[in-house]
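Student: Can you walk me through this one? I'd like to go piece by piece.

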Amino acid sequence: GATDLTLRINGQVRTVRAEPRVTLLDALRERLDLTGTKKGCDHGQCGACTVHIDGQRVNSCLTLAVMAQGKEITTIEGLAKGDELHPMQEAFLKHDGFQCGYCTPGQIMSGVACVKEGHAKTDDQAREWMSGNLCRCGAYANILAAVREVAG
Ligand code: FES
């Protein structure tokens with residue numbers, strides 16, 4: 001049956017009633033109105049659902065909400081500080097790192113983790129790290145440029 005889960009998301013404590021089988025992705029989108037995180041494949045293949053748990057990127061479609069209790073969850077909604085975009089968001093704007101935009105939240109969350117964990121020192125390295133985030137529009141060159149710029 002459903003139980004009350006306590007989740008810490010973007011610095012706020014939220015309570016959500018959910019069955020143990022509910023994924024973090026569905027909890028975010030359908031029960032917490034955090035729809036910035038996208039559902040593409042729902043099977044760990046596309047990266048559209050990427051969020052951070054304790055600073056590590058994860059596919060939220062492969063993570064049960066119940067397992068995310070007691071951890072710090074960050075979604076795309078939590079990246080900007082007020083009106084100030086995160087440098088990765090600025091870089092995606094500057095380099096046109098999106099076309100339709102559906103994959104963009106996941107790309108940005110992956111990009112942030114890529115730079116923070118030191119996987120963006122070369123184009124090849126960044127491309128490899130970002131390879132789990134698919135873009136149907138094929139904006140890969142611009143996405144790579146954005147990630148590499150933030151890597152410095
Ligand atoms: Fe999670 Fe595609 S929706 S990887």
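Student: Which residues of H2 are buried?
Tutor: This is a predicted model, so keep that in mind. In H2 the buried residues are Met88, Gln89, Ala91 and Phe92.

Student: Why are they on the same side of H2?
Tutor: Their arc around the axis is only 160 degrees, so they sit on the same side of H2. In general, an α-helix has 3.6 residues a turn, so residues three or four places apart point the same way.

Student: And which residues are exposed on the other side of H2?
Tutor: Leu93 and Lys94 are exposed there.

Student: What do the buried residues of H2 pack against?
Tutor: They pack against H3 and H5. Take Met88 as an example. Beyond its neighbours within four places in sequence, Met88 is in contact with Ile108, Gly111, Val112, Ala146 and Val150.

Student: What follows H2?
Tutor: Asp96, and its phi is positive, near 50 degrees.

Student: Now H3 and H5. At what angle do they pack?
Tutor: About 35 degrees, and the axes of H3 and H5 are 9 Å apart.

Student: Is the crossing left-handed or right-handed?
Tutor: Right-handed, as H3 passes H5.

Student: Which residues make the contact?
Tutor: H3 brings Gln107, Gly111, Cys114 and Val115. From H5 come Ile143, Ala146, Val147, Val150 and Ala151.

Student: On to the core. How many residues are in the largest nonpolar core?
Tutor: There are 41 residues in that core. Ala65, Met88, Cys114, Ala146 and Val147 touch the most other members.

Student: Which one gives the largest share?
Tutor: H3 does, with 6 residues. The core also draws on both domains, taking at least three residues from each of domain 1 and domain 2.

Student: Where do those domains run?
Tutor: The domain assignment puts domain 1 at 3-78 and domain 2 at 87-151. Their C-alpha centres are 21 Å apart.

Student: How many residues of each are in contact?
Tutor: 13 residues of domain 1 are in contact with 11 residues of domain 2. On the domain 1 side, strand E3 (50-53) and strand E4 (56-59) are the elements that give two or more residues. E3 gives the most to that side, with 3 residues.

Student: Switching topic. Where is Ala145?
Tutor: Ala145 is in helix H5. Ala145 has 18 C-beta neighbours inside 10 Å, so it counts as partly exposed.

Student: How far apart are Ala145 and Asp123 in sequence and in space?
Tutor: They are 22 residues apart in sequence, and 8.5 Å apart in space, C-alpha to C-alpha.

Student: Back to backbone angles. What is the phi of Asn10?
Tutor: About 50 degrees, a positive value, although Asn10 is not a glycine. Asn10 is in the loop between E1 and strand E2 (12-18). Asn10 is partly exposed, because it has 15 C-beta neighbours inside 10 Å.

Student: And what about the phi of Asp42?
Tutor: Positive too, near 65 degrees, in a residue other than glycine. Asp42 is in the loop between H1 and E3.

Student: Why does Asp42 count as partly exposed?
Tutor: Asp42 has 15 other C-beta atoms within 10 Å. A buried residue needs 20 or more, and an exposed one has 12 or fewer, so Asp42 falls in between.

Conventions. Residues numbered from 1 in each chain as written. Predicted model: local features only at pLDDT ≥ 70, side-chain atom pairs only at ≥ 80, totals over all residues. Core = buried A, V, L, I, M, F, W, Y, C linked by C-beta atoms within 7 Å. Helix = DSSP H or I, 4+ residues; strand = E, 2+ residues; numbered from the N terminus. Domains from an automatic or database assignment. Contact = placed C-beta atoms within 7 Å. Arc of directions from axis to C-beta. Axes fitted to C-alpha atoms, helices over the stretch in contact; angles between N-to-C directions. Left-handed = near helix turned anticlockwise from the far one by under 90°.
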